[in-house]
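Please find below my notes on the model you sent. They are arranged as numbered points, to be read beside the coordinates.

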Amino acid sequence: MSRVVVTGRIPDAALEKLRAEHEVDAWAGPESISRDELLSRVAGADAIVSLLTERIDAELLDTAGPQLKVVSNVAVGYDNIDVPACTARGVIATNTPGVLTEATADIAFGLILMATRRLGEGERLIRAGQPWKWGMFFLLGSSLQGKTLGVVGMGGIGQATARRAKAFGMEIVYQSRSEIDPAIAAELGARRVDLDELLTVSDVISLHCPYGPATHHLIGAEQLSAMKSSTYLVNTARGPIVDEAALAAALREGVIAGAGLDVFEHEPQVHPELLDLENVTLVPHLGSATVETRTAMAVLAADNTLAVLRGEQPPTPIG
């Protein structure tokens, strides 16, 4: 029986699968596990089921020891994992793509609606008890019909967001490392463009690209200034893809019309200037936050772990 360390709370369905075959040491505290506690627990582990709040680096891998076989991330993104360090030590790293596609696309499109129709501003006004009265020019937003959505990163989540936009009567352009399936492009009426063109023609820009050195601050002051003053930016990918200080300045100065953010550059901290702006909607990393999706993510991570410990190919290895 192998020893599996789980770095945070996950749904019981996944824990039960793991406990049916192996010894499980699961962190159950209300707060995220501390680094010192994590290093203490992983020593001698055969498998680690990690959350995106934990950094899986060379120090942790060496502390775990040479018997470690797999790190299963309960997330589709894996910027918290040093994959080359895993590979160098013969440790298989896995993630959970696919199962959170629709939930994250829902949040992306929810943020598009909240930003363009100023729903957050309206709710804050009512909750603050401020006087208001219907008027022709009261909290006017922007409609989506006939507008252009620019999708940066046209993987599964980007495509799912584009489908929602298509249903709202939007035109679709996208920037991605490769062409999408021609049948999907035809279904969406999606046109591939380079990033510079996407920035200039889009009325709404939704970020769905993976995070890494090539996409760090992909959207900064230069890119924001290339957008139309009526453009809205939405990020449900990873916070550091956007330079938050530059975004705050652009929103404050009217360089773009508004933004919706589910992720943040120094999460869970949010740039203080964003907190003072009305034209940005801020939600606390809720992209995959449905009971069904989080359960599916954890179960997939458990399946990846069990497969490797059995000597089998995991369902969703990284790379």
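The points go from the chain as a whole to the open sheet and then to single residues.

1. Basis of the note. This is a predicted model, in which local features need pLDDT of at least 70 and side-chain atom pairs count only at pLDDT 80 or more, while totals for chains, interfaces and linings use all residues. Residues are numbered from 1 along each chain as its sequence is written, and side-chain values use heavy atoms, with hydrogens and water left out.

2. Overall form. The protein chain has a radius of gyration of 21 Å, which agrees with the value near 20 Å that a compact globule of 319 residues would have (taken over C-alpha atoms, the globule rule being 2.2 Å times the number of residues to the power 0.38). Along its principal axes the C-alpha trace spans about 70 × 50 × 35 Å.

3. Secondary structure and contacts. The protein chain holds 13 helices and 12 strands (DSSP runs numbered from the N terminus, helices being H or I of at least four residues and strands E of at least two). Among its contacts with a separation of 6 or more, 58% are between residues 24 or more positions apart (contact means heavy atoms within 4.5 Å).

4. The open sheet. Seven strands form an open sheet in the order β8-β7-β6-β9-β10-β11-β12, with parallel pairing (two strands pair if DSSP finds at least two bridges between them). Its edge strands, each of which pairs on one side only, are β8 (190–192) and β12 (280–282). On average, neighbouring strands of this sheet are turned by 15 degrees against each other, direction ignored (axes are lines fitted to C-alpha atoms, for helices over the stretch in contact, and angles run from 0 to 180 degrees between N-to-C directions).

5. Strand β7 (residues 171–175) pairs with β8 in the parallel sense over 3 bridges, and valine 173 has arginine 191 in β8 as its bridge partner.

6. Serine 72 lies in strand β4 (residues 70–73) and counts as buried because its relative accessibility is 0%. Its side chain makes polar contacts with the side chains of threonine 94, at 3.3 Å, and threonine 305, at 2.8 Å (a pair of N or O atoms within 3.5 Å; within protein, one must be able to donate a hydrogen and the other to accept it, and residues adjacent in sequence count only if both atoms are side-chain atoms). Serine 50, in strand β3 (residues 47–50), is likewise buried at a relative accessible area of 0%, and its side chain makes a polar contact of 2.7 Å with that of asparagine 73. Leaving aside residues up to four places away in sequence, serine 50 touches residues including Thr7, Ile56 and Ser72.

7. Alanine 93, in strand β5 (residues 92–94), counts as buried at 6% relative accessibility; its C-alpha atom is separated by 7.5 Å from that of asparagine 73, 20 residues apart along the chain. Threonine 104 is found in helix α5 and is buried, with a relative accessible area of 6%. The side chain of threonine 104 reaches the backbone oxygen of leucine 100 at 2.9 Å, and its C-alpha atom is 8.3 Å from that of alanine 289, although the two residues are 185 apart in sequence.

Conventions
Buried < 20%, exposed > 50% of the residue type's maximum accessible area, 1.4 Å probe, protein only.
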